[in-house]
Amino acid sequence: MLTAASTGGASSLPGTAPAGRHWVNTWAAMPQSTEPGNMPPAPFTQDKAVLVDSTLRQTVRVTVGGERIRLRFSNAFGGAPLPLTSVSVARPAGGRAGTAAIEPGSARPVTFQGSGSTIVPAGAQAVSDPLPFRVPAGSNLTVTTYLAEGQASLDITSHPGSRTTSHLLAGRHVDAADLPGATPTDHWYFLSGIETWAPARTDAVAVVGDSLTDGRGSTTNGNDRWPDQFFDRLLSRPGGAADTAVLNQAAGGNRVLNDGLGPNLLARLDRDVLAQSGVRWLVVLEGVNDIGTAPATPAAQKEVAARLIAAYEQIVVRAHAQGIKVYGATLLPFGGNEMYDDPAGLREESRRTVNAWVRAAGHFDAVIDFDAAVRAPDAPERLLPAADVGDHLHLNPYGYRLLAGAVPVRLFR
């Protein structure tokens, strides 16, 4: 039997350290099954494999900073093992999101159990070894991956709604200062999390949602989704944001009750929230897609509203069991949207029923009233015109700023 003495003591194990510090996710992206239209562009998708002998360079924006990091790669939806031949991290040129260039000399190799390569089994994830690499709060980080063999399947894991440009180039270029001739694509592949070794006072808030949180209508490479802009508020408060990470665990088209683009929220809650490092709070802004895709009949809308409320109760119970506070966000208006608005206003009635329950005392630990922040004063079933991206469902960067401004900072300490 192994004992602390025979293994050198728990404090000497990789990834452990004296009391007072812990791992906290500083960035995350919800893993999804990749649809045909979101696969790597030609020639990086072949008949039976992707990214063979290819370099993939991606940038992500971390939230809290740190002096030591580790990476998480997901093969949750892969149809075959994922062989990562070599991985590096670096500082992007000029600190910019979406650039193919890195600061010369800043690249550092990433290892897995001491090896420069690893194979991620189908359905699994891989966590890298801790790497001494300083990341300032709110900065961009470049992760470059080379796959010599590629992945031998057309079922792969990605986050299509990256709103950030990645770059693909044939051959091995993990340490290259730039990737001239690379093919750009606005998706993230395989990478699902960055963690930092942080003081015990540092915690994370996970945000679950759909395209409104994933950032449809935001600026590509602008990092102006509402969770980004909320983090900017945290960063600017006295003392900075050294103690609160913001994790965007949303996906366009996602639903609470049924699978859509990605597993339903009840199915993914464990993976995307409860299993994330350092989560202390959860914000739930999801349900519009459930209401909008349910038939516009009285019976169907009554049922979907009741089931959403029951689902929220389940989410609270499951999160509370892990010591996580849950903040409910009211659902935004969609009046005038071609797909979701109905002439009889049945879906609007469901939205108001759900929002009334969210606002009522005793259901969530706190309420964030996003509906009030972006609805038109003279037409509360519609978005404020200045915030509307144009489809009467999604927001522009100004609208996302209004959401970010509606979140009480005091809830996160």
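Let's start with strand E4: 5 bridges join E4 to strand E16 (residues 191-199), and the two run antiparallel. Helices (H or I, at least four residues) and strands (E, at least two) are DSSP runs, numbered from the N terminus, and two strands pair if DSSP finds at least two bridges between them. All of this comes from a predicted model, where local features need pLDDT of at least 70 and side-chain atom pairs count only at pLDDT 80 or more, while totals for chains, interfaces and linings use all residues. Residues are numbered from 1 along each chain as its sequence is written, and side-chain values use heavy atoms, with hydrogens and water left out.

**Confidence**
- The chain averages a pLDDT of 94, and 94% of the residues score at least 70; pLDDT is the predictor's confidence in each residue, from 0 to 100.
- Residues 1-17 are another story: their pLDDT is below 50, and beyond near neighbours in sequence this stretch has 12 contacts in the model (contact means heavy atoms within 4.5 Å).

- E4 spans residues 66-74 and is mostly covered, with 7 of its 9 residues buried (buried is under 20% relative accessible area, exposed over 50%, partly exposed in between, using a 1.4 Å probe and protein chains only).
- On the E16 side, Arg70 stands opposite Glu195.
- E4 also pairs with strand E10 (residues 131-135) in the antiparallel sense over 3 bridges, and there Ile69 has Leu131 as its bridge partner.
- Strand E9 (residues 125-127) is joined to E4 by 3 bridges, again antiparallel, with Gln125 of E9 as the bridge partner of Ser74.

**Arg57**
- Arg57 sits in strand E3 (residues 54-61) and is buried, with a relative accessible area of 0%.

**Pockets**
- The search uses a 1 Å grid over the protein atoms alone: a cavity is a set of points where a 1.4 Å probe fits but cannot get out, a pocket is an open set with protein on both sides within 12 Å along at least five of seven lines, and lining residues have an atom within 4 Å of a point.
- Grid points are joined across faces, edges and corners, and a volume is the space filled by probe spheres set on the points.
- The largest pocket comes to about 510 Å³; 26 residues line it, and Ser211, Arg216, Gly252, Gly253 and Leu261 lie nearest its centre.
- The second largest pocket holds about 200 Å³, and of its 16 lining residues the closest to the centre are Pro31, Gln125, Ser192, Arg271 and Gln276.
- Strand E1 (21-28), E4 and helix H3 (265-274) each give two or more residues to the lining of that second largest pocket.

**Cavities**
- The whole structure has 3 cavities of 30 Å³ or more.
- The largest cavity has a volume of about 240 Å³, and its 21 lining residues include Trp27, Arg61, Arg225, Asp228 and Asn248, which lie nearest its centre.
- E1, E3, helix H2 (226-236) and strand E18 (244-250) each give two or more residues to the lining of the largest cavity.
- The second largest cavity is about 40 Å³; among the residues lining it are Ser74, Trp188 and Ser192.
- Strand E12 (157-159), strand E15 (188-189) and E16 each give two or more residues to the lining of the second largest cavity, and E12 gives the most, with 3 residues.
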